[in-house]
Amino acid sequence: MPGTTAGNPPEVVSSRPAPDLPSTLSRRRFLAVGGATVGVLGAGAFLAACGSGSGSSVASSGPSDTLTVGVYQEPDTLDPGASGLILSSLIASGIFDPLVWWLPTQDGGKQLYPGLATSWQVAPDATSYTFKLRQDVDFHDGTHFTAAAVKATLDHIVDPATKSRSAKGALGPYQETRIVDDYTVEVRFSQPNAAFLHEMTTTVFGISSPAALKQYGPIGFGSHPVGTGPFKFQEYVTQDHVSLVQNPGYKWGPSAFGPPGPAKLKNLNFKILLDATARYNALRTGQLQLAWNLNPSDIQSVRSTSGLTHYNVPSTGQPYGFPINVKKGPTDDIRVRQAINFAVDQDTLNKTVLQGAYEAAHNVITPSTPGYDKAADTMYAYDPVKAKSLLDQAGWVAAGSGTRAKGGQPLELEILIQSSNGFDLPTQYVVSQLKAVGISAKTSSQPFLTAAASYNEGVQNLSAIFYYDVDPYLLNNLVTSEQIPSGFNWAHYSDPSVDSGIAQANTVVDDAARTARYQQITRTLMEAAIFLPLWNVSGVFSAASNLTGLHFGVTGYPFFHAAALV
Amino acid sequence: MMRFAMGRLLIAIPVLLGVSIVAFLIIHLIPGNPAQAMLFGSNPTPTQIHDLEVRLGLDQPLYQQYGKYLVGLVHGDLGTSFVTGRGVFSEIVSRAPSTFVLSGSAMLIAIVVGVPLGIVGGVRPGSFWDRAGRVISVSGVAIPYFWLALLFVLIFAVRLRLVPAVGTQGFSSLILPAVALGWGYAAILTRLVRSRLIEEYQDEYIKTARAKGCGETRVLLNHALRNAVIPTITMLGLQIGNILTGAAAIEVIFGRPGLGSFLVQSIAAKNIPVVQGAVLFIGVAYVLINLVVDMLVGVIDPRTRKQVTV
């Protein structure tokens with residue numbers, strides 16, 4: 001599930017009025033507003049007093065059965081099997097259930113829980129998975145859940161007409177789904193696919209109603225999503241909101257979320273607010289009770305405001321960072337790439353520029369991702385002296401201008417970042433750190449889809465990426481050679497031993513053995529210095545303190561089954 | 001008057017044609033092709049990308065693509081959105097009202113605040129109200145509207161809890177965005193009306209009017225203001241483009257759906273038909289509003305009608 005900003009809003013599904021957000025204007029108050037508006041312009045001091053939110057408090061919104069979540073982008077579709085956005089998964093996780101849940105445990109580990117499947121069995125060669133299904137589950141449209149639904153869902157994902165952006169890749173070498181009986185189903189792959197055990201637990205494989213898939217078609221289903229989840233889809237008004245209502249018959253949630261039963265909330269709304277400051281303000285005024293991805297400075301304020309709570313939940317995936325192009329000079333020289341890694345101090349970046357909002361990253365995958373090799377974290381511990389000596393060795397010698405040069409050629413990098421994904425300020429910091437060791441860098445910025453096309457062409461030395469996924473097989477999307485022309489291999493890295501190593505690791509069913517294989521691979525990638533990690537991906541949510549019962553998944557995103565406003 | 005309007009509409013056709021060509025060419029200059037963008041993340045094969053290009057007609061030469069687009073346009077068909085598959089016209093029309101309400105309210109605020117302040121200042125330069133008006137107009141011109149918007153939210157929504165910080169429910173949620181957007185234009189109007197009035201008052205015809213025994217109110221309303229308001233109305237028409245641009249930023253700050261933010265997102269997604277349609281739609285709106293403005297000027301100032309020889 002790449003974190004993209006791509007996609008246009010789908011159609012308006014219904015034209016009902018927006019849900020009632022608190023609106024607080026009486027006529028007398030309106031007159032007061034008019035007076036105050038005229039009065040405010042000369043009041044510079046008043047402004048300054050308003051500028052700081054720290055240490056203040058917010059009015060509690062009080063008990064309610066309606067939760068409004070502020071989200072930062074528009075869903076591309078509400079069909080989890082078609083979407084390429086984490087946002088769509090967040091919304092879809094209320095509407096759909098997976099066959100099996102994979103959830104963090106109290107002790108920092110992760111555990112599989114029965115979902116729509118009561119038990120599952122993996123073939124020793126990882127080419128087939130057999131699921132025994134619950135027999136008491138109904139879809140929101142009243143149809144009954146059987147093995148045919150699993151087949152319909154997976155077949156829908158691989159249907160070219162669906163244009164699946166995320167699920168199809170995660171499904172790997174899918175061959176077919178065989179219905180053994182009404183409540184037993186076997187998913188078969190043409191090659192071993194050990195990653196499926198984790199992948200199938202994500203919302204992109206949420207089981208869809210076959211009747212609805214047939215009725216609305218592969219594209220139309222995205223505006224009429226029907227699943228078995230704790231909430232039913234109500235409406236989506238483009239550029240404004242998505243609203244869900246409680247599914248009163250729900251009783252098949254995972255045991256990790258508490259005793260079986262319907263959700264505590266009656267209404268779950270997602271309000272689309274592209275601007276982070278707007279989300280923060282709406283959280284403070286009580287229009288939102290949960291806001292996604294606030295600005296680091298506002299997160300700082302949330303932490304010191306009574307009545308608000310901040311969640312920064314570790315996620316599996318690839319950290320925010322810069323893939324380094326190995327095909328374009330001067331970063332085709334491994335010593336230059338290593339120097340870049342030594343030159344940047346991620347801990348200071350996180351403490352100062354990001355105001356401690358996240359966690360500094362030092363690896364190609366985050367610590368909670370299987371295959372993470374902690375020992376590799378210190379491979380490029382901040383050391384500008386080492387960076388300079390590596391550049392000296394590579395023939396880039398210090399020049400009067402401050403920028404190193406070789407044969408009259410200055411040491412210059414092209415940095416191309418994705419706009420509006422939080423990279424701007426941190427990039428300025430990286431540029432200043434590179435400058436300190438004699439590397440000068442030019443930064444430009446493009447919207448995600450445009451940037452992705454440029455990255456595939458390889459015009460840049462440093463690109464910008466972050467990636468959420470549950471299994472280390474995600475590396476197949478990020479570093480294998482077949483992903484260079486149109487995928488996420490923006491480092492243009494090509495190593496046959498890594499390509500085959502990842503394919504082989506995906507044949508190993510045993511968890512420990514598989515993890516060991518991936519540790520080997522991530523270590524190789526670190527040694528090749530193809531990635532400058534900056535900060536770890538995580539679920540970043542700020543909430544009203546009276547919001548309880550959120551459960552977070554391994555990608556750091558919340559489930560609303562037991563959520564309540566008390 | 002009818003002939004004047006028809007003439008202006010005829011002149012608008014090449015203008016709009018130019019607008020559509022520029023919009024068409026610019027989006028093709030952005031790196032990456034739309035088919036690849038639409039399939040991004042799904043590991044598409046080159047064949048899949050090519051098939052989609054053929055389906056979208058992107059494999060044809062540019063002039064053919066543009067020609068097809070023009071033919072559709074003449075038949076009232078703006079094409080279908082690459083992303084949603086819906087008609088571009090309905091996509092735009094469903095978003096336009098919100099933007100027009102916001103822009104219209106901002107314009108209204110500009111007129112209701114700006115014109116009276118300008119009159120007071122123009123009639124009695126140096127008076128208390130003139131000085132107060134100048135403070136407001138200087139601040140309005142100097143402070144960017146997006147900053148003012150953030151400030152308003154902080155004060156009136158977050159601190160005083162008088163109005164919602166975001167959203168589109170009801171009149172209360174329109175006040176802050178409209179005032180923030182309209183403020184700068186109120187300032188421009190104040191300055192313009194004031195300076196024109198001061199100038200007009202020094203003209204000979206005012207002396208004549210007074211000499212003939214005209215009362216001050218009549219001098220102001222029938223003579224000075226009528227002349228002073230002509231460049232003001234022309235200026236308002238020309239500012240429509242700026243107000244629509246400003247509305248895009250204001251829409252994002254206040255979480256309002258609208259045409260501006262839709263256009264920005266469509267550009268990022270390389271949704272060519274939507275971008276072309278939206279640019280054309282805004283172009284038409286701009287031309288029509290300026291036509292109305294010119295006709296209004298014609299009503300107020302008969303001299304302009306006589307000069308038109310189309």
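The model is predicted, so local features are taken at pLDDT of at least 70 and side-chain atom pairs at pLDDT 80 or more, while totals for chains, interfaces and linings use all residues. Residues are numbered from 1 along each chain as its sequence is written, and chains are lettered from A and ligands numbered from 1 in the order in which they are written. Chain A has 17 helices and 24 strands, whereas chain B has 13 helices and zero strands. Helices (H or I, at least four residues) and strands (E, at least two) are DSSP runs, numbered from the N terminus.

**Confidence and burial**

- Chain A has a mean pLDDT (the predictor's confidence in each residue, from 0 to 100) of 87, with 89% of its residues at 70 or more.
- Over residues 1–55 of chain A, pLDDT stays under 50. The model has 116 contacts beyond four places in sequence for this stretch, a contact being two residues whose C-beta atoms, placed from the backbone, lie within 7 Å.
- Of the 566 residues in chain A, 55% are buried; in chain B, 40% of the 310 residues are buried. A residue is buried if 20 or more other C-beta atoms lie within 10 Å of its own, exposed if 12 or fewer, and partly exposed in between, with C-beta atoms placed from the backbone.
- Among contacts between residues at least 6 apart in sequence, those joining residues at least 24 apart make up 71% in chain A and 72% in chain B.

**Seven-stranded sheet of chain A**

- This open sheet has mixed pairing and the strand order β8-β9-β10-β1-β11-β20-β12. Two strands pair if DSSP finds at least two bridges between them.
- Neighbouring strands are turned by 20 degrees against each other on average, direction ignored. Axes are lines fitted to C-alpha atoms, for helices over the stretch in contact, and angles run from 0 to 180 degrees between N-to-C directions.
- Strand β1 (residues 66–71) and strand β10 (residues 267–272) of chain A are parallel partners over six bridges; A:Leu67 stands opposite A:Leu268 in β10(A).
- Helix α9 (residues 296–303) of chain A lies across β12 and β20 (538–544) of chain A, at about 125 degrees to β12(A).

**Three-stranded sheet of chain A**

- A second open sheet, with antiparallel pairing, has the order β18-β13-β19.
- β18 and β19 (531–535) of chain A are its edge strands, each pairing on one side only.
- The twist averages 35 degrees from one strand to the next.
- Strand β13 (residues 317–323) of chain A and β19(A) pair in the antiparallel sense over four bridges, and A:Phe322 has A:Leu532 in β19(A) as its bridge partner.

- Helix α3 (residues 86–95) of chain A is largely enclosed by the rest of the structure, because 10 of its 10 residues are buried.
- The buried residues of α3(A) include A:Ile86, A:Leu90 and A:Gly94. They pack against β1, β8, β9 (241–246), β10, β18 (465–468) and β23 (558–559) of chain A.
- A:Thr378 is in the loop between α11 (346–351) and α12 (384–393) of chain A. A:Thr378 counts as exposed because it has 8 C-beta neighbours inside 10 Å.
- A:Thr378 and A:Asn363 are 15 residues apart along the chain, and their C-alpha atoms are separated by 8.9 Å.

**Helices of chain B**

- The C-alpha trace of chain B spans about 85 × 60 × 30 Å along its principal axes.
- Helix α10 (residues 216–253) and helix α12 (residues 272–300) of chain B pack at about 175 degrees, with their axes 10 Å apart. That makes α10(B) roughly antiparallel to α12(B); angles under 35 degrees count as roughly parallel, over 145 as roughly antiparallel, 65 to 115 as roughly perpendicular and the rest as oblique.
- Residues of α10(B) in this contact include B:Arg226, B:Ile233 and B:Gly237, and those of α12(B) include B:Tyr286, B:Asn290 and B:Val293.
- The residues of the contact divide into 13 nonpolar, four polar and one charged. Ala, Val, Leu, Ile, Met, Phe, Trp, Tyr, Cys and Pro count as nonpolar, Asp, Glu, Lys and Arg as charged, and the others, Gly among them, as polar.

**Contact between the chains**

- The axes of helix α8 (residues 276–284) of chain A and helix α7 (residues 145–159) of chain B come within 10 Å and cross at roughly 10 degrees. α8(A) is therefore roughly parallel to α7(B).
- A:Thr277, A:Asn281 and A:Arg284 meet B:Leu150, B:Val153, B:Ala157 and B:Val158.
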